[in-house]
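This report covers the nonpolar core and the salt bridges of one protein model. The sequence and structure come first.

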Amino acid sequence: MCFLSTEQALDWKGICAIDTKTREFQYKILNRIMPLNNFLFKIGKTDSPLCSFCQFSEENMSHFFHCPLIAKFWQSIKHLLGGYELIEREVILGITEAVENVSLKNHLILLGKQHIFRCKLNNSLPSTTSFTQSLKAVFDSERLIAKENNRISVHYNKWKDLLGYLLSN
């Protein structure tokens, strides 16, 4: 059963263009099997259920939006989302409303979550600088694939809102 209206129909071409590791990452989030400290503590794999960043609250998906140190990261990349104000549900599930360039915004949110998780594993704070480097790598990788598949115009159309930013940094 599908709960999306016609206007909210998913862009499967855009979604399926996302690499397998990133799709797997989102699958783990949606199915609540992401190895965060609250779960790892319950099964004896970590010493504390507290957030790897702030060490104050229990680390779970909701906290990955509300943690003061992670919230700073989300604020710092807000300009990449065209000033779009994220809410917790959208960080976890993605944007489901009809907004301009929703595929790119959802891809950025997903890459942002992946960046935060990588930082957790590396014991470092999420930063705009390292995220921008990762973003450029994804852009370049997708560009090569689009070029091979004769879909370069589709690629540039997806990334149009960030072309100036990606090509100047």
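Is K78 buried, partly exposed or exposed? In this predicted model, K78 has a relative accessible area of 21%. K78 is therefore partly exposed, since buried means under 20% and exposed over 50%. The side chain of K78 meets that of E85 in a salt bridge, with N to O at 2.2 Å.

**Salt bridges**

The whole structure holds 5 salt bridges. Among them are these pairs:

| Pair | N to O distance |
|---|---|
| E85 and K78 | 2.2 Å |
| R143 and D140 | 2.7 Å |
| E142 and K158 | 3.1 Å |

R143 and D140 sit 3 residues apart in helix α8, about one turn of the helix. R143 is partly exposed at 25% relative accessibility, and D140 is partly exposed at 33%.

The salt bridge between E142 and K158 links distant parts of the chain: E142 belongs to helix α8 and K158 to helix α9 (residues 152-159), 16 residues apart. E142 counts as buried at 13% relative accessibility, and K158 is buried at 17%.

**Nonpolar core**

The largest nonpolar core has 37 residues, of which F53, F64, W74, L86, L135, W159 and L162 touch the most other members. Two or more residues each come from α2 (20-30), α4 (63-66), α5 (68-76), α6 (88-93), α7 (102-121) and α8 (128-148). The element giving the most is α7, with 8 residues.

Leaving aside residues up to four places away in sequence, F53 touches F64, C67, L69, I70, I116, C119, K120, S124, L125 and P126.

Notes: Residues numbered from 1 in each chain as written. Predicted model: local features only at pLDDT ≥ 70, side-chain atom pairs only at ≥ 80, totals over all residues. Heavy atoms only, no water. Core = buried A, V, L, I, M, F, W, Y, C linked by side-chain atoms within 4.5 Å. Buried < 20%, exposed > 50% of the residue type's maximum accessible area, 1.4 Å probe, protein only. Helix = DSSP H or I, 4+ residues; strand = E, 2+ residues; numbered from the N terminus. Contact = heavy atoms within 4.5 Å. Salt bridge = Lys/Arg side-chain N within 4 Å of Asp/Glu carboxyl O.
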